[in-house]
Amino acid sequence: MKYKILILTLFCGCNTLLAQVKHEREFRIKKKEFPSAAHDLLKDKVVAAKKLKYYKEIDSLKISYEAKFRKDKLWYSIEFNEEGDLEDIEISIKAIDVPHETYEEIQNYLSTNFISFKIKKIQQQYTAKDSIDATFKNAFQNLMLPSVNYELVVDAKKERGYEQFEILFNAEGTFLKIRKSLPPNYDHVLY
């Protein structure tokens, strides 16, 4: 089992800092424990997936479920809510896959807000704002759309050493939100 504590931090337009402690626990589950509506949707929409694994994520705000797999040489993560409704589809990508102008904006944000940083992971995120069919089609075709978000896991240095953050940007590279997290090897300290 993997345990994490995340601190959710949001910035308002009025330069006010809002913070919330978010306890998160993600663990692997059996297929029969996955919501049936979500499983039916995956069975209908996901063809030729390899290494399909199911996860349950519990935090202080909600319960969600994730299916993680490899398809067409890409790693996908599909998140559902407790009822089995689609929330988003994420694809693990590399920096070169992000449009140049967007990546420059992201780099500018990171350079401005941190003394130094290292990007550990980038995911292209398709939220379920459109129809389910459109969301799956867009994600599986890896389309670059104005509605795409980029979620980065970053090791960054502020005043007191390095910390890990999850940072969300929109398709233009505009900052949306940030979460501060402890690395997974802190499990023994937390519980």
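This is a predicted model: local features need pLDDT of at least 70, side-chain atom pairs count only at pLDDT 80 or more; totals for chains, interfaces and linings use all residues.
Let me start with N81, which at 17% relative accessibility counts as buried, the cut-off for that word being under 20%. N81 belongs to strand β5, which covers residues 74-81, and its side chain reaches two backbone nitrogens, that of E83 at 3.0 Å and that of D85 at 2.9 Å. If we set aside the neighbours within four places in sequence, the residues in contact with N81 are P35, I63, Y65 and E87.

From there I would like to move to the nonpolar core. Which residues touch the most other members of the largest nonpolar core? Among its 38 residues, that place is held by F34, I78 and I167, and I will take two of them in turn.

F34 sits in the loop that runs between β2, residues 17-29, and α1, and with a relative accessibility of 4% F34 counts as buried. Once its neighbours within four places in sequence are left aside, F34 is in contact with I29, H39, L42, Y54, Y55, Y65, E66, A67 and F80. As for Y55, the charged end of K68 sits over its ring, 4.6 Å from the centre.

I167, for its part, touches Y109, L110, F114, Y150, E151, L152, V154, F175, K177 and I178, again not counting residues up to four places away in sequence.

Now to the aromatic pairs, of which the structure holds ten. One of them is formed by Y76 and F140, with 5.1 Å from centre to centre and 80 degrees between the planes, and it is edge-to-face. This pair links distant parts of the chain, since Y76 is in strand β5 and F140 in helix α3, 64 residues apart. Are these two residues buried or exposed? Both Y76 and F140 are buried.

A second pair joins F114 and F165, whose ring centres are 5.2 Å apart and whose planes meet at 45 degrees, so this pair is tilted. Because F114 lies in the loop between α2, residues 100-113, and β7, while F165 lies in strand β9, residues 161-169, the pair ties together parts that are 51 residues apart in sequence. F114 is buried, with a relative accessible area of 5%, and F165 is likewise buried, with a relative accessible area of 5%.

Let me return to F140 and its helix. K71 lies over the face of F140, at 5.2 Å from the ring centre. Helix α3 itself covers residues 132-140, and its buried residues are T135, F136, N138, A139 and F140. What do the buried residues of α3 pack against? Their partners are α1 (36-45), β4 (63-71), β5, β6 (86-93) and β7 (116-127), and β5 is the strand in which N81 lies, where I began. Finally, just after α3, N142 takes a positive phi of about 55 degrees.

How values were computed. Residues are numbered from 1 along each chain as its sequence is written. Side-chain values use heavy atoms; hydrogens and water are left out. Helices (H or I, at least four residues) and strands (E, at least two) are DSSP runs, numbered from the N terminus. Buried means under 20% relative accessible area, exposed over 50%, partly exposed in between (1.4 Å probe, protein chains only). A polar contact is a pair of N or O atoms within 3.5 Å; within protein, one must be able to donate a hydrogen and the other to accept it, and residues adjacent in sequence count only if both atoms are side-chain atoms. Contact means heavy atoms within 4.5 Å. A nonpolar core is a set of buried Ala, Val, Leu, Ile, Met, Phe, Trp, Tyr and Cys residues joined through side-chain atoms within 4.5 Å. Rings of Phe, Tyr and Trp (its six-membered ring) pair if their centres lie within 6.5 Å; planes under 30 degrees apart count as stacked, over 60 as edge-to-face and the rest as tilted. A charge sits over a ring if NZ of Lys or CZ of Arg is within 6 Å of the ring centre and within 35 degrees of the ring normal.
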